[in-house]
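Biologist: I am new to this structure and would like to learn how to read its features one at a time. Could you take me through them, giving the general idea before the particular case?

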Amino acid sequence: MDDKNKINDELNDNLDEIAPRLSKLRKEEPFRVPADYFDDLASKILSKCDNADEIKEIAPLLSEIPKYNPFTVPGGYFDHLPLQVQEKCIETRRSSWAAKLAWLLRPSFFIPAAAAVIAVVIAMVLMKENSPLVSESEMTAMNVSYDSNSTDAITEDALLGMDDAAVLESLWSDPATDITGDDHYLSANEEDIIDYLLDNNTDISSIVTEL
Amino acid sequence: MQEYTDQELLTRFRDPSSRNYAFNLLVNQYQKKIYWHIRRIVIDHDDANDVVQNVFIKVWRGLDNFKEDSRLYTWLYRIATNESLTFLKQKRSSSFVSFDDVAHQLSRSLEDDNYFKGDAIQKKLQQAILTLPEKQRIVFNMKYFDEMKYEEMSEVLETSVGALKASYHHAVKKIEEFLKKD
């Protein structure tokens, strides 16, 4: 072992002299193996041996057939496959959007959906047209303000406290008011009335009875 | 070509600025394994090409939700297996043919395939494999050609190791019987 190390040291010393640039390069493995390659290498070899033994034992004819892949592919197939796959992925993404849009626009979905939207819009327009110009609360507020501000307003309390005789006097004194109709009777010519009654053969006694 | 760990690929994919680049790396790293796995199931190159593209589109869509409970490699194999089986199922239903007829069709397409360079014995081996039920065929291919460990296959096919060993044993025996004929 000591001899081997001695030889190595001598070689390294010589390397410095013979190839100084090479001796300065870092000594590392430039090759790589698949991930976990060494982890299951032994079990893979054993599995292969077991498989070969099993085949030899139960299928001697099969074990004599050379094992290789008899299928081939067009030239450059695997060089172009990644690009083909990516193009197809993009195409699928586009067509999936188109499919979603087509699904939304399909007659069995779109027509009922459109009809429902139109019905809702029409209902809203109709409701707006038929609704009062002012809301109930606004109306209440207006009544209250009318009652409190108007000089013509007669409140219930005012009516209760009013004297009946004063009301009648006020009505009699107002020439525009005609509540009894006595004036008409009084203003009518009595002779004309008598003529009218005679012309129509009216029974005076029945009139008296009526009165 | 440099190999990347699952973690390296996923970290880059989750970063929006390197998302497309990471996906490209992933496709480059796994495309051959996934393609050959699919090709052995669907046989025809054009069909395999369609399926492999669908697989990677599904990977692109689903990678954000990848839980890392399993390895990326087994997850990809699982998607590829399911997509291939779905493809064969669709082929069967679109042409109204039974499983045996599909096996015959696949066997015939092997005869006409420009991308099959095997000799007579290789052709016979492939025909023997095509006589197996679909899932047994997948188990045989994964063990015999891909040399996968039963534990990995169990993750991909969500079947117990014991069941996979039995399935492979039966498949080998059936193939041997087929080879003995003639």
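This is a predicted model: local features need pLDDT of at least 70, side-chain atom pairs count only at pLDDT 80 or more; totals for chains, interfaces and linings use all residues.

Biologist: Which residues make the nonpolar surface patch together with Leu105(A)?

Modeller: A patch takes residues with over 30% relative accessible area and no salt bridge, joining nonpolar side chains (Val, Leu, Ile, Met, Phe, Trp, Tyr) within 5 Å and like charges within 9 Å. Accessible areas come from the Shrake-Rupley method with a 1.4 Å probe, and for residues only the protein chains shown count as cover; a salt bridge is a side-chain nitrogen of Lys or Arg within 4 Å of a carboxyl oxygen of Asp or Glu. Here, Leu101(A), Trp103(A), Leu104(A), Leu105(A), Phe109(A), Phe110(A) and Ile111(A) make a nonpolar patch of about 700 Å². Helix H5 (77-105) and helix H6 (107-130) of chain A are the elements that give it two or more residues, and H5(A) provides the largest share, four residues.

Biologist: Which residues form the negative surface patch?

Modeller: Asp and Glu count as negative, Lys and Arg as positive, and His and the chain ends are not counted; a charge is placed at NZ of Lys, CZ of Arg, CG of Asp or CD of Glu. The negative patch consists of Asp9(A), Glu10(A), Asp13(A), Asp16(A) and Glu17(A). Among them, Asp16(A) belongs to helix H1 (residues 2-18) of chain A.

Biologist: Is Asp16(A) buried, partly exposed or exposed?

Modeller: Buried means under 20% relative accessible area, exposed over 50%, and partly exposed in between, with a 1.4 Å probe and protein chains only. With a relative accessible area of 44%, Asp16(A) is partly exposed.

Biologist: What do the totals for each chain say?

Modeller: Chain A has twelve helices and zero strands, and 9% of its 211 residues are buried. Chain B has nine helices and zero strands, and 54% of its 182 residues are buried.

How values were computed:
Residues are numbered from 1 along each chain as its sequence is written. Chains are lettered from A and ligands numbered from 1 in the order in which they are written. Side-chain values use heavy atoms; hydrogens and water are left out.
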